[in-house]
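You asked for a colleague's reading of this model before the discussion goes further. The points below are numbered so that each can be checked against the coordinates on its own.

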Amino acid sequence: MNSDPVSIIERQLEAYNRHDLDGFLACYSPDAELVDQMSGAVIARGRAEIRPLYEQRFRNPSLHGEIANRIVLGGIVIDHEHIAEPPVFPFREAVVIYQVGSDFIERAWIIRKEKDV
């Protein structure tokens, strides 16, 4: 591994909170996958499919994420995330399991609560 997995995830979180779409996408490999862990469905494959998912969200000036807990095991980073996205969602929780390769996030499995507040 050329980069520390935690530093890559931290860079991604910082870009997320700045609403910096290009900085956020730069943390993902060109063919990264976002997967809904509960159904196994691929949400997006590659930066081109990830971009529109976050482009719309980043338009919300109130969007902000924080890490409640983190577990690191080699190239796997598991984050329990608290996300504020008012007025759409005042508060959401998710668990994201990131598989980090040498320089990028290769895959992210996303687990959301069935009902967000």
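Which residues does H80 touch, not counting residues up to four places away in sequence?

1. The model is a predicted one, and the values below should be read with that in mind. Leaving out residues up to four places away in sequence, H80 touches E66, I67, A68 and N69, and also E93, A94 and V95. H80 itself is found in strand β4. The C-alpha atoms of H80 and A68 are separated by 5.4 Å, although the two residues are twelve residues apart along the chain. The side chain of H80 is joined to that of E93 by a polar contact of 2.6 Å. With a relative accessible area of 22%, H80 is partly exposed, because the partly exposed class lies between the buried limit of 20% and the exposed limit of 50%.

2. D79, which is also found in strand β4, has a relative accessible area of 0% and is therefore buried. Its side chain is joined to the side chain of R70 by a polar contact of 2.7 Å. With residues up to four places away in sequence left out, D79 touches I9, I67, N69 and R70, together with A94, V95, V96 and Y98.

3. About 270 Å³ of space lies in the largest cavity, and among the 23 residues that line it, Y16, Y54, E81, I83 and Y98 are the closest to its centre. By class, the lining of the largest cavity divides into 13 nonpolar, three polar and seven charged residues.

4. Which elements supply at least two residues each to the lining of the largest cavity? They are the helices α1 (5-18) and α3 (47-57) and the strands β1 (28-36), β3 (64-73), β4 (76-85), β5 (89-100) and β6 (105-112). Of these, β5 gives the most to the lining, with five residues.

5. The largest nonpolar core holds 25 residues, and those that touch the most other members are F24, Y28, L34, I50, Y54 and Y98. Two or more residues of this core come from each of α1, α2 (21-25), β1, α3, β4, β5 and β6. As background, nonpolar side chains tend to be buried together in soluble globular proteins. Y54 and Y98, named here as core members, are also among the residues closest to the centre of the largest cavity. If neighbours within four places in sequence are set aside, F24 is in contact with Q12, A15, Y16, I50, Y54 and F58.

6. R57 is found in helix α3 and has a relative accessibility of 16%, so that it counts as buried, the limit for that class being under 20%. Its contacts, with residues up to four places away in sequence not counted, are Y16, L63, I83, E85 and R92. Two of these residues, Y16 and I83, are among those closest to the centre of the largest cavity.

7. H19 has its place in the loop between α1 and α2, and its phi is near 65 degrees, a positive value in a residue other than glycine. For comparison, most residues other than glycine have a negative phi. G46 lies in the loop between β2 (42-45) and α3, and its 7% relative accessibility makes it count as buried. Not counting residues up to four places away in sequence, G46 touches P30, D31 and A32.

8. Is L73 buried or exposed? L73 has its place in strand β3 and is exposed, with a relative accessible area of 68%. The C-alpha atoms of L73 and E10, 63 residues apart along the chain, are separated by 16 Å.

9. S62 has its place in the loop between α3 and β3, and at 38% relative accessibility it counts as partly exposed. When its neighbours within four places in sequence are left aside, S62 is in contact with A84 and P86. From C-alpha to C-alpha, S62 and V96 are 21 Å apart in space, and they are 34 residues apart in sequence.

Notes:
Residues are numbered from 1 along each chain as its sequence is written. This is a predicted model: local features need pLDDT of at least 70, side-chain atom pairs count only at pLDDT 80 or more; totals for chains, interfaces and linings use all residues. Side-chain values use heavy atoms; hydrogens and water are left out. On a 1 Å grid over the protein atoms alone, a cavity is a set of points where a 1.4 Å probe fits but cannot get out, and a pocket is an open set with protein on both sides within 12 Å along at least five of seven lines; lining residues have an atom within 4 Å of a point. Grid points are joined across faces, edges and corners, and a volume is the space filled by probe spheres set on the points. Helices (H or I, at least four residues) and strands (E, at least two) are DSSP runs, numbered from the N terminus. Ala, Val, Leu, Ile, Met, Phe, Trp, Tyr, Cys and Pro count as nonpolar, Asp, Glu, Lys and Arg as charged, and the others, Gly among them, as polar. A nonpolar core is a set of buried Ala, Val, Leu, Ile, Met, Phe, Trp, Tyr and Cys residues joined through side-chain atoms within 4.5 Å. Buried means under 20% relative accessible area, exposed over 50%, partly exposed in between (1.4 Å probe, protein chains only). Contact means heavy atoms within 4.5 Å. A polar contact is a pair of N or O atoms within 3.5 Å; within protein, one must be able to donate a hydrogen and the other to accept it, and residues adjacent in sequence count only if both atoms are side-chain atoms.
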